[in-house]
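Hi everyone, thanks for making time.

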Amino acid sequence: MIRYIARRLAQAAVIVAIVATITFVLIHLAPGDPFSAVMDNPNVSEKVRETLRAQYGLDRPLPEQFLRYVNALAHGELGWSFSHDRPVREVLGTALPNTLLLMAVALIASFTLGILVALVQVARRGSIIDHTLSGITLLFFSMPDFWLAILTLLALTYWIPIFPVGGAIDPVMHEYMSLGGRLLDRLWHLALPAITLTLLATASVARYQRAALLDVLPADYIRTARLKGLTEREILRRHALRNALLPIITLIGLSFPALLTGAFFIERIFAWPGMGYAVVNAIGTRDYPLVVGGVIIGSIMVTLGSLLADLLYAWADPRLRSH
Amino acid sequence: MPGPTPVSAATKPAQPRESPLGLTVRSILRKRSSRVALVVLGVIVLVGILAPFIAPYDPAAQPDIVALKNLPPSLAHPFGTDPYSRDVLSRVLYGARLSLTIGILATIVSLTVGVAYGAISGYMGGWLDAVMMRVLDAFLSIPRLLLLLGVLVAWPHLSVWALILFLGLSGWFGLSRIVRGQVLALKHAEFVTAAQALGASRRRILVKHMLPNLVSPIVVAATLGIAHVIVLEAGLSFLGIGVPQPLASWGNIIQDGADQVATLWWMSLFPGLFMVLTVMTLNILGEALRDSYERRS
């Protein structure tokens with residue numbers, strides 16, 4: 001077990017190192033440098049640009065730049081954000097908790113809901129309910145994240161104005177609210193982005209879990225349970241679900257990229273002040289260091305997510321636990 | 001297994017052996033959902049091909065930017081007009097053409113690279129395989145959208161061709177792993193050993209003996225891959241770094257109306273519906289293909 005953890009940790013470290021190399025190559029394959037992109041402005045003299053380049057070490061040979069870059073990364077330095085005029089680390093650091101909150105809420109809600117939907121479907125497999133739910137999950141599975149976000153925004157803030165249009169708090173009243181009021185205000189603003197992300201994620205969980213349950217049902221122990229006279233409901237709950245829960249852990253790890261990508265679009269549309277909102281806005285201002293910082297942090301999150309899922313799996317599976 | 005089948009031909013002379021492709025097509029058509037999906041997808045593809053003939057207006061024409069802008073759906077403009085007074089229906093029809101083309105071409109790029117990488121890695125084995133797989137792990141842990149953001153922001157003002165290339169180059173990692181697994185399994189198959197014993201070159205074995213056995217997973221990956229690229233392209237265009245304006249892609253049209261979602265709802269609703277329909281039918285077909293292939297193997 002310990003050896004497995006050590007090997008898996010080393011693997012994750014190698015992945016992060018390669019990701020860092022890939023982003024470095026990306027930066028240097030691009031035409032010009034960060035300064036020619038940001039400062040297309042003719043009012044910035046060549047001399048200022050030269051000074052900036054020297055300051056950032058862009059005039060050094062590539063191998064040296066690479067070592068400096070890796071060194072900075074290892075110290076948590078992600079460069080300077082031009083549009084915020086602050087270190088990228090700070091910009092993303094303040095935004096990250098919001099993204100994590102959104103992702104965590106959606107993760108928990110979508111796995112609960114998804115497993116429930118799958119159970120209902122499998123309990124009545126082949127029925128109209130099963131087919132209808134399959135159709136609905138396929139529909140949400142096929143929807144582009146941003147389009148569903150636009151639809152929920154249209155429907156629930158403009159046509160039926162229940163939720164606030166965007167942001168994380170009420171821009172005016174929040175300051176004057178009591179502690180409980182502030183909490184409610186935050187939840188109220190979180191609701192719609194979280195619902196949207198949950199809908200998207202639930203679709204894949206339900207589809208995956210339905211297939212996993214159907215895979216388990218022909219197993220011998222299910223037949224045994226049936227012969228013992230257990231009801232179909234009990235079989236599903238006590239035998240099938242338990243064994244089909246293991247793949248769920250894997251799915252949690254696999255769902256990180258989709259959740260993160262979904263969060264990016266949803267934050268953009270609901271003006272939710274998370275990492276995606278910061279990075280998407282950086283596209284418009286051509287704030288390249290911020291975009292690259294987002295790519296690196298996002299990749300680290302995904303790597304950590306799958307690492308965590310693998311460790312959890314090893315812990316949860318009695319067949320692996322003894323090793 | 002490749003090679004002639006003289007024995008079965010002698011015992012059952014009346015029934016010619018059906019090709020795997022024929023079997024696959026038949027098993028898919030047996031399901032009603034895939035038949036419907038095939039028809040719907042066929043109509044959308046046809047719409048894309050015939051766009052110049054069926055579009056009521058020129059998709060780029062701005063007839064009257066004052067009087068004809070932001071019109072809600074009407075008989076003259078069934079999908080309304082956009083802030084530049086362009087006809088949204090015409091743009092959606094042309095968008096079908098562009099979005100599908102991008103999806104297909106980018107997927108061809110992905111397939112080529114993915115199959116080559118996976119086949120080489122699996123067939124060569126050893127340290128090369130180990131290194132290639134670790135690099136693949138790293139690419140797989142960068143979310144595709146983020147990878148593309150990193151690239152597309154660094155290269156502003158890209159042409160559609162470059163966009164297709166990047167979309168394709170960011171989409172082969174998963175397929176590559178599948179192909180490697182298959183090649184690894186096939187490496188010790190009897191017919192491969194036989195070919196080796198007969199002195200066939202590595203390339204010949206890969207291309208002539210292994211590739212035909214990879215067709216099914218590749219077809220599945222291609223179908224689902226096209227759907228994925230269509231969604232990605234739309235997302236990137238929506239963020240303003242995808243298809244260059246004023247070309248019409250489904251994502252571009254939605255982006256044109258994104259600043260006024262509430263008032264210009266027709267600009268996100270209609271292209272989105274086309275997109276969801278396309279992606280859904282591709283997903284249905286891809287899954288039906290996978291089911292039929294998994295049942296056979």
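Predicted model: local features only at pLDDT ≥ 70, side-chain atom pairs only at ≥ 80, totals over all residues.

I'll take the two chains in turn and then look at where they touch.

Okay, chain A. In chain A you'll find 14 helices and 2 strands. Its C-alpha trace spans about 85 × 55 × 35 Å along the principal axes. There are 323 residues in chain A, and 35% of them are buried. As for contacts in chain A with a separation of 6 or more, 73% come from residues 24 or more positions apart.

Now chain B. Here we have 12 helices and 0 strands, so if you read the elements from the N terminus on, you just keep saying "alpha". The C-alpha atoms of chain B fill a box of roughly 75 × 50 × 25 Å, again along the principal axes. Chain B has 297 residues, and 45% count as buried. Take the contacts in chain B between residues at least 6 apart in sequence: 70% of those join residues at least 24 apart.

How many residues of chain B are in contact with chain A? It's 34 residues of chain B, and they contact 42 residues of chain A. On the chain B side, the elements giving two or more residues are helix 5 (126-140), helix 6 (144-154), helix 10 (202-238) and helix 12 (265-296). And what classes of residue sit on that side of chain B? There are 25 nonpolar residues, along with 7 polar and 2 charged ones.

Key:
Residues numbered from 1 in each chain as written. Chains lettered and ligands numbered in written order. Helix = DSSP H or I, 4+ residues; strand = E, 2+ residues; numbered from the N terminus. Buried ≥ 20, exposed ≤ 12 C-beta atoms within 10 Å, placed from the backbone. Contact = placed C-beta atoms within 7 Å. Nonpolar A, V, L, I, M, F, W, Y, C, P; charged D, E, K, R; others polar.
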